[in-house]
Amino acid sequence: MQPTQDALVFVVDDDAGVREALAWLLRSRRLPTQAFESADAFAQFLNDEGPAWRPLQASCLLLDVRMPGMSGLALFEQL
């Protein structure tokens, strides 16, 4: 049985170094990862994909708590 590529780890962090390092680490463990530079960018991604978008497997969201604009906590509450 082949794992579906629909399950993702979403990394949301405004610090490019942290974001890229986390994404690299997760991908090195064969975890499909998509990174975003802000909570607003991730929210826009969800909005663009529309309400019909749902992963086929459980996904994970790693949020930076303190970011300019919408914080990770505000995004979490919005979700």
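This is a predicted model: local features need pLDDT of at least 70, side-chain atom pairs count only at pLDDT 80 or more; totals for chains, interfaces and linings use all residues.
R19 is found in helix α1. R19 is buried, yet it has no salt bridge. The nearest side chain of opposite charge belongs to E20, 4.7 Å away, whereas a salt bridge is counted within 4 Å. Leaving aside neighbours within four places in sequence, R19 is in contact with V11, D13 and D14, and also with A35, F36 and E37.

Helix α1 spans residues 16-28 and lies across β1, β2 and β3. Relative to β2, helix α1 runs at about 175°.

The strands themselves form an open sheet of three, in the order β2-β1-β3, with parallel pairing. Because β2 (33-36) and β3 (60-63) stand at the edges, each with a single partner strand, one side of each is left without a neighbour in the sheet. On average, neighbouring strands of this sheet are turned by 15° against each other, direction ignored. In general, strands of a sheet pair through backbone hydrogen bonds, in either a parallel or an antiparallel manner.

Strand β1 covers residues 9-12 and is joined to β2 by four bridges, the two strands running parallel. For F10, the bridge partner in β2 is Q34.

Key
Residues are numbered from 1 along each chain as its sequence is written. Side-chain values use heavy atoms; hydrogens and water are left out. Two strands pair if DSSP finds at least two bridges between them. Axes are lines fitted to C-alpha atoms, for helices over the stretch in contact, and angles run from 0 to 180 degrees between N-to-C directions. Contact means heavy atoms within 4.5 Å. Buried means under 20% relative accessible area, exposed over 50%, partly exposed in between (1.4 Å probe, protein chains only). Lys and Arg count as positive and Asp and Glu as negative; His and the chain ends are not counted.
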